[in-house]
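Please keep the sequence and the structure at hand while reading.

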Amino acid sequence: MDRLTAEDMVMLWPDELWPQEIGCLAVLDGASLIDPEGRFRIEDVRAVVAGRLHLVPRLRQLLYRPRRGLGQPVWVDAATFDLRDHVRVCEVPAPGDQAQLLLTTEQLRARRLDQSRPLWEMWFLPGLPENRIGLLIKIHHALADGIAGLATIRALLRTTPDRRAEPPHPWTPAPLPTARDLVADNLRRHLTELGRGLSMLLRPATTLRQVRSGWAALGELISDRRGPVTSLDRVVGPDRNLAVVRSSLDLISEIADTHHTKINDVLLAIIAGGLHGLLRSRAEPVDDLMLPIYVPVTLRKGPRDQARGNLIAQMVVPLPVGAVEPATRLQQIAAETAERKARSRPSLGTMLRSGIARWALLKILDRQPVNVTTADLVGPRVPLYFAGARLLEAFPVLPLIAKVSLAVGALSYAGQFNIMVVADRDICPDLDVFVASAHNELDALAATCASRSRFAVG
């Protein structure tokens, strides 16, 4: 029986207040997807998706919540499944520029997924210049974390421009589990947990090390020292502003190599520079300001292209937002992340397994808020294709929650390093200031590289 894991449940419980849906906005060279009359070939596209659904069975499953006493929610096959509910078209209004594409993306992001159906959607967005077509893929966070989300999307794409649709594999939905099945499965799981607990008692030294490790990681989240209060420290509402920053993976890698840091450190430095400019433009004090940011840490060991579900820990890194040289800022960030990455971390599901623990943590985070989050995702190095159309660029779309009013996601793909910034619209109406400041920080870091003349930042 395919129950939601504790990690999946963490992504589900805040959903009523703050939708936890992740996504990817891509742009395709869509000439082959437009017929001679200028219409988008939606049925051809659906046929391509239908031929690859067997690679990700979760795309035909929905979330089933048993009645009280029968255990956690279960992934079950949808009794009926219609691709027309999931693969759809939305025209980008004229003039079809980047601003309209991002506005259309936000309007579709704001539409909640129907939880009576499998929790994903694929929107094709024609109307861009030069026969380009936007592609927005939405997936509920309970179904996948960032790495698993990329693996899911990757399963629908190819490495060759083959336009042919594969014949769909036969599929018959399995029946819902009976109450008796659910009771038996729930009992087995409780006995397994009890056995695990007894095993821990028989290995006190190992258990003590694990507990100490967990408390050290949790200590980052519940530090006694209250973080700095800025204008970002407000509960997020329903609306978002979106913006993008384009760069190349070669440039980001050379910056990292030049300063003996990691690519993720460079991303954090870019974010810190953006925050510096944003807060300074609001006449807020930034001298010596250290602003904490959430940085996810994957706990996966196996091949990433087969990743499913959620398996992450959370790290909190203080960003030096104050007035320092970009190279100095990057070095300070690298030192912090190296120290924190060396710590062993339990998954979010382990730390927040009970409802009481989740409630307590929300109360603590309300008192000691972190207002910025990030994710650095490694995509394929080679170009990908959908129904023969080349995927030109892609950007991750992250969710917001509680007082996390700014999210910055980066995705490397086919030599690109592209960033999507998602912000609460009321808290960040001036998101363009953050983006311009982030560009300036990237330019300043690029100027420290011997080969900077080879790169262009868009």
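## Helix α9

At 1.5 Å a residue, helix α9 (residues 326-341), with its 16 residues, should span 22 Å, and this agrees with the 22 Å between its end C-alpha atoms. Its buried residues are Pro326, Arg329, Leu330, Ile333, Ala334, Thr337 and Arg340. Viewed down the axis of α9, these buried residues fall within an arc of 135 degrees, so they line one face of the helix. In general, an α-helix has 3.6 residues a turn, so residues three or four places apart point the same way.

## The chain as a whole

The model is predicted. The secondary structure of the protein chain consists of twelve helices and 14 strands. Of the 458 residues in the chain, 53% are buried. The accessible surface of the chain is about 21,300 Å², and carbon and sulfur atoms account for 55% of that surface. Among contacts between residues at least 6 apart in sequence, 78% join residues at least 24 apart.

## Helix α4

Helix α4 (residues 146-155) has ten residues, and eight of them are buried, so the helix is largely enclosed by the rest of the structure. The buried residues are Ile147, Ala148, Gly149, Leu150, Ala151, Thr152, Ile153 and Ala155. What do the buried residues of α4 pack against? Their partners are the strands β1 (21-29), β6, β8 (290-298), β10 (372-378) and β13 (406-413). The N-terminal end of α4 is capped by Asp145, which has a side-chain oxygen 3.3 Å from the backbone nitrogen of Ile147.

## Ser437 in helix α12

Ser437 is part of helix α12 (residues 431-446). Is Ser437 buried or exposed? Ser437 counts as buried because its relative accessibility is 14%, below the 20% cut-off. A polar atom of the Ser437 side chain lies 2.9 Å from the backbone oxygen of Val433. Leaving aside residues up to four places away in sequence, Ser437 touches Gly273, Gly274, Gly277 and Leu278.

## Cysteines

A disulfide is a covalent bond between the sulfur atoms of two cysteines. The structure holds zero disulfides. Cys90 is partly exposed, with a relative accessible area of 21%, whereas Cys428 is buried at 0% relative accessibility.

## Backbone geometry in loops

Most residues other than glycine have a negative phi, and most peptide bonds are trans.

Which residues does a cis peptide bond join? The bond lies between Ala94 and Pro95, with omega about 10 degrees. Pro95 is found in the loop between β4 (87-89) and α3 (98-109).

Note on methods
Residues numbered from 1 in each chain as written. Predicted model: local features only at pLDDT ≥ 70, side-chain atom pairs only at ≥ 80, totals over all residues. Heavy atoms only, no water. Helix = DSSP H or I, 4+ residues; strand = E, 2+ residues; numbered from the N terminus. Buried < 20%, exposed > 50% of the residue type's maximum accessible area, 1.4 Å probe, protein only. Polar contact = N/O pair within 3.5 Å; in protein donor to acceptor, adjacent residues only side chain to side chain. Contact = heavy atoms within 4.5 Å. Disulfide = S-S within 2.5 Å. Areas by Shrake-Rupley, 256 points an atom, 1.4 Å probe, with all protein chains shown as cover. Expected span 1.5 Å × (residues − 1). Arc of directions from axis to C-beta.
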